[in-house]
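Let's take a walk through a protein model together. Have the sequence and the 3D view ready, and follow along one stop at a time.

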Amino acid sequence: MPLPLPASSEQTFSDALKSALHNRIMQSGGWISFADYMESVLYTPETGYYSGGAAKFGAGGDFVTAPEMSPLFGQTLARQAAHILSAVEQGAILEFGAGSGKLAVDLLRALEELNHLPQHYYILDLSADLQQRQRTTIEQHIPHLASRVHWLSALPEQFEGLILANEVLDAMPFHLIVWQDGNIAERGVIWKDHELAWQDQPLVNQELFEIARQLPPADQPSPHAYISEISLANRHFIRSLASLLRRGSILLVDYGFGQSEYYHPQRYQGTLMCHYRHHAHDDPFFLPGLQDITSHADFSAIARTALDSGLELAGYTTQAHFLINCGITDLLTRTPADQPGNYLPLASQVQRLVSPAEMGELFKVIALSKGIEPDTAAYGFMKGDLRRLL
């Protein structure tokens, strides 16, 4: 199916970023890593995808996240958050990449009902445009709690409480690695015939090479090139969180796999995916700056990095198991089934959140903790715990 065409103003916006990419490639000797390309098209101030003013979330954007899909997601997550906050006196919440602010609204409302409101709810988001949308959403829906919400421009030096990131890992820049005939190369971006194009080069980054040579594709005989992703940014993110967390838990929700499934022989084309106006495709050079670019999270890498950094693995499971463990079906039953106008939309939302055919199986939840009893952070992992990570 052909992808929708952009408006003329959007095309101009994308062309300007494309021209800047051409200049960056030429200044870098004619080749840049895909991680550098991805960082440019997503996060360049004013022109990157997450920095521009176009709608990204919901029906009018490019994709729908769980908080946008249903208030029950945040309400259910609040039950896990309450357990963390009850164990950390005066603990706060720090949310990364808060999107439209919908999750913050639903969480704070539910925590108020549970009598576990944090004194402070911090948001760290690189996009000035999204920060303004978050402020508007919060002021409109929970004006009496707006004074508790604060925006950060950088990581705090230390933190106690709950650190939360929903669909953040997948949007961090990643490197594209090619394994073939016993050799390991890196796939990057060049400028050819007035267009962006692919080119492989020998892998020279030592950290990347050490990781790549220990992954399954290095030992898997294959009749074709095996292409996949390695996210150094994910690993650096976890190390940073581990260094600042004094007491509490880190809760990460994203789509992804453990290592054995991530680098399965049949997944030889990787997991790179682009999202544009609710169309998913695999061309990252399409309309730079106007589409999202993602890859699945390698949760084995997340877990190993966390353990090496002094964190404990408190739980890992599917989104379906996590939400059910935290009582999403109980929350649904608060709406009487004999009120179909109210009940049926919520029931449909729960189905999308927990169904294996929708988000329930592909999305995973991982909890990492420090300085608290592991059982406190494991509330949402009582059943269906998948510890096949290490």
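**A walk along helix 4**

In helix 4, the buried residues are L72, F73, G74, T76, L77, A78, R79, Q80, A81, A82, I84 and L85. Here, buried means under 20% relative accessible area, exposed means over 50%, and partly exposed lies in between, using a 1.4 Å probe and protein chains only. Helices are DSSP runs of H or I with at least four residues, strands are runs of E with at least two, and both are numbered from the N terminus.

Before going on, please note that this is a predicted model, where local features need pLDDT of at least 70, side-chain atom pairs count only at pLDDT 80 or more, and totals for chains, interfaces and linings use all residues. Residues are numbered from 1 along each chain as its sequence is written, and side-chain values use heavy atoms, leaving out hydrogens and water.

Back to our helix: twelve of the 17 residues in helix 4 are buried, so this helix is mostly covered. What caps its N-terminal end? S70 does, with a side-chain oxygen 3.1 Å from the backbone nitrogen of L72. Further along, helix 4 bends by about 25° at R79; the bend is the angle between axes fitted to the seven residues ending there and the seven starting there.

**Into the core**

Now look inside. The largest nonpolar core has 50 residues, and F73 and L77 are among those with the most contacts inside it. Helix 4 gives the most to this core, with eight residues. A nonpolar core is a set of buried Ala, Val, Leu, Ile, Met, Phe, Trp, Tyr and Cys residues joined through side-chain atoms within 4.5 Å. A second, separate core has 29 residues, including F237, I250, A303 and A306.

Leaving out residues up to four places away in sequence, F73 touches A66, P67, L103, N166, V253, Q319, L323 and L353. Contact means heavy atoms within 4.5 Å. Is Q319 buried or exposed? Q319 is buried, with a relative accessible area of 1%. Besides F73, its contacts beyond four places in sequence include V253, L353 and M359.

**Two loop residues**

Our last stop is in the loops. D181 lies between strand 6 (175–180) and strand 7 (183–192), and has a positive phi of about 55° although it is not a glycine. D181 is exposed, with a relative accessible area of 69%. L287, in the loop between strand 12 (279–281) and strand 13 (292–294), also has a positive phi, near 45°. At 9% relative accessibility, L287 is buried.

Key
Polar contact = N/O pair within 3.5 Å; in protein donor to acceptor, adjacent residues only side chain to side chain.
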